Structure formats: structure tokens, C-alpha cells
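Please keep the structure open beside you as you read.

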Amino acid sequence: MPRPAVNVAVRAARAAGNIIQRYMNRVDSLIVEEKSRLDFVTEVDRLAEAEIVKELKRAFPDHAILGEESGQIGKSNKVWVVDPLDGTHNYLRGFPHYCISIGFLDHGDPVHGVIYDPLRDELFTASKGDGAFINDRRMRVTKREGLQGAMLCTGFPFRQREHLDAQLGMTRALLGQAEDIRRTGSAALDLAYVAAGRLDGYFEIGLKPWDMAAGCVIVREAGGHICDFAGREGIPKSGNLIAGNHLLAAAMVKTIAGSAGSALLSA
Ligand code: 2AM
Ligand code: CA
């Protein structure tokens, strides 16, 4: 049985999904604003976030919310971390891959995660200690023991183009050993797919809390490991994230540390 808090987040995510899908075939008429270089937001992002905030506030008036579009709302050790539309670029191009991501942190500890893909009606949920689920089925990360044969996934550092060479250096080193690398445009769905065993591992430079809060709970509860590029466990403050099963995550840490990209990132 999902926890009551998860049910609230699921309701909020589905309501946001309805808004996003309602506008799907009208993206050409949306007003697109550039928040910072190459970082776009639309009225759909804002409407979807407002809907999520409304649902969360109604159920948990004392909790704080950190939304990608609204910033910090309220002050509490219990914080909902919300990305109303992860994959805005995909959405704007009609590229069918995006989701809603809602995580819950208690004193910084990731406790609940909900990621909803409105196109495929796939719901990824997890609560600390309860396991991870895709719709009503239990999910597990893959058992791959190292990079050989691994399908990895990443995102390019569009927010910090100065990290492009670091990214390429790491990618080159990983590609030398893994089967292949995907780049989908939605960090939250990438993490959900690692949890579901559709991908073996994931790495990205400079993620924001809303990109990864829910996904980190879900990966962990699917038996996976979350760490930074130095192998330190937990949601990385740097936003430099590695996810996969324990063995694969360790192999990724080692390969990234030994890559030409690693020196560039810490420089
Ligand atoms: P967003 O759609 O919520 O902005 C991490 O890669 C996150 O950055 C993605 O999940 C996505 O979140 C955003 N993103 C990915 N590629 C991007 C790009 N080329 N330009 C801007 N934002 C991008
Ligand atoms: Ca977003």
C-alpha cells in the first residue's frame, strides 16, 4: 500500500499531467520564455507547477515546497521538491519524452519519490523502506556487474557549457567500455528507467535538486546506488550524479575519475 503522502503526490502529478497533455498539440502557440541561456519555460510549466503546489499545500499546509518555477515556498524541514515538466525542450519539439517529478525530503533525507510519464501513463513511485514500483509492479535495477555490455544514459551540461569538455572526456572513457550511451533530455525519467532496469546506469554534471530528488529515492528503493563523482553516497550537492547498481556505480566512479574529463571538472 502506498503511503498517504505518495497518494497525494500521485494525485498532484496526474493533475499536472492532464494540463501538460491538454496543451501538447498546441505547443506552437505557447509563449516560450528563456529563463537563462538555453533554459526555456512555458506557461504550461507554470500552470502544471501551480496545480501541484495547490494539491500539496492543501494536504500539507505546514510543509515547504521547492519548485523549479516558483523557487522556495514556505520554510520547513519537510520539503517537496517539484519539477512540473522535466524535458521541456522535448515537449516543445513534440519529442515524446518528458515527465513530472515530485520528491519529498525530510531534514534533507530523501523519503518519497513520484515520477509520472503522462504519454505512456507510467507511474514510478517509491518510499524509503517500501521498495520501488512502476504502476503496481515492483522494479529492480539491473544486475550488470561492470561497464561491459552496460547501457548508460546522460545529459549534456547545457546550463554550464564550460563543462562540455569535462563531459566529453568522461563520455569518451565510459563509451570505451560500455555498450552505448543514451541522451534523452529528461533526467528524472532517466533515473526512473535505471530503477526499472531499462538502463543500467546514469551520470550527469550539474543537476538541480528538482531534476533528481524523486529519482534518487526511486533508484535506491529499486536496489540501486546514488553517489557523486567521488563515490560519496547520497544526493550530491554538486549535482554531479551517478546512479546504478552498487557494482556498476563503482565502475562508473572509477572510470570517470580516471578520465580526462575528471581533471577538467575539478579544475
Ligand atoms: P527541464 O526540462 O526541467 O529543464 C537535466 O539534464 C535537466 O535539464 C533535464 O532533465 C531538463 O530539465 C533540462 N534539460 C535537458 N537538456 C536541456 C537542454 N538542451 N536545454 C535546456 N534544458 C535542458
Ligand atoms: Ca522543468
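1. A word on terms before we start: a residue is called buried when its relative accessible area is under 20%, exposed when it is over 50%, and partly exposed in between. By that scale Arg198, at 37% relative accessibility, is partly exposed. Please bear in mind that this is a predicted model.

2. Let's take the cysteines next. The structure contains zero disulfides. Cys99 takes part in none, and the nearest cysteine sulfur, which belongs to Cys153, is 12 Å away. Cys99 is also buried, its relative accessible area being 0%.

3. On to the charged side chains. Side chains of opposite charge can pair when their charged atoms come close. Across the whole structure, a search turns up 13 salt bridges, and the next points look at some of them.

4. Asp121 and Arg14 form a salt bridge through their side chains, with an N to O distance of 3.0 Å. Which parts of the chain does this pair tie together? Asp121 sits in the loop between strand S7 (109–117) and strand S8 (122–127), while Arg14 belongs to helix H1 (residues 4–22), so the pair joins parts 107 residues apart in sequence. Asp121 is partly exposed at 40% relative accessibility, and Arg14 is partly exposed too, at 33%.

5. Glu122 makes a salt bridge with Arg198, and their closest N and O atoms are 2.6 Å apart. This pair also links distant parts of the chain: Glu122 is in strand S8, and Arg198 is in the loop between helix H5 (187–195) and strand S13 (201–204), 76 residues apart. Are the two partners buried or partly exposed? Glu122 counts as buried, at 13% relative accessibility, whereas Arg198 is partly exposed at 37%.

6. Asp180 and Arg182 are another pair worth a look, their side chains meeting in a salt bridge at 3.2 Å, N to O. Asp180 is partly exposed, with 30% relative accessibility, and Arg182 is partly exposed with 39%.

7. Finally, please look at Arg11, Glu55 and Arg58, which are linked in a network of salt bridges.

Definitions and conventions:
Residues numbered from 1 in each chain as written. Chains lettered and ligands numbered in written order. Predicted model: local features only at pLDDT ≥ 70, side-chain atom pairs only at ≥ 80, totals over all residues. Heavy atoms only, no water. Disulfide = S-S within 2.5 Å. Buried < 20%, exposed > 50% of the residue type's maximum accessible area, 1.4 Å probe, protein only. Salt bridge = Lys/Arg side-chain N within 4 Å of Asp/Glu carboxyl O. Helix = DSSP H or I, 4+ residues; strand = E, 2+ residues; numbered from the N terminus.
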